[in-house]
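Open the structure in your viewer and follow along. We will select a few pieces in turn and look at what is there.

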Amino acid sequence: AGHRIIPLPGPSAAVAAVVASALPSGDFRFIGFLPPKTAARRKSLEAIKGGSATLVCYVPPHGLPAVLRDAADILGHHRRCTVAREMTKSYEEFHRTTLGEAATKYAEHAAKVSVCHLC
């Protein structure tokens, strides 16, 4: 508690993000990229909403606000999440919050680079 966790570069950004996310890592599911169209994305999220595993997906920067909004609506606004970007670089960022708070933040300040989203 209170210590900074820094992932080491490796073959998988998803695994590095899980390690640094501060979310449960004993059981996680890698989703890849969610569909870009709203209806298909929401259908994919509905199909996985009942599980307890930490969910990992890659998100293009322009799609982050919509993915977070849909994830909050379907998985729950209070579900913990981490938005990881620029991992293993000196300016990496891990925003650890809830889906609802992340949806609000990134609706106002869109990411400029691809991110790994975990919830």
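Contact here means heavy atoms within 4.5 Å, buried means under 20% relative accessible area and exposed over 50%, with partly exposed in between (1.4 Å probe, protein chains only). Helices (H or I, at least four residues) and strands (E, at least two) are DSSP runs, numbered from the N terminus.

A word on what you are viewing: this is a predicted model, where local features need pLDDT of at least 70 and side-chain atom pairs count only at pLDDT 80 or more, while totals for chains, interfaces and linings use all residues. Residues are numbered from 1 along each chain as its sequence is written, and side-chain values use heavy atoms, leaving out hydrogens and water.

Next, select α2 itself, residues 38–48, and pick out its buried residues, Arg41, Leu45 and Ile48. Look down the axis of α2: these residues fall within an arc of 70°, so they line one face of the helix (the arc is that of the directions from the helix axis to the C-beta atoms). Now turn to the other side of α2, where Ala39, Lys43 and Ala47 are exposed.

Which residues of α2 meet α3? They are Thr38, Arg41, Arg42, Leu45 and Glu46, and their partners in α3 include Ala66, Asp70 and Ile74.

Finally, show the whole chain: you will find four helices and five strands, in the order α-β-α-β-α-β-β-α-β along the sequence. Of its 119 residues, 45% count as buried.
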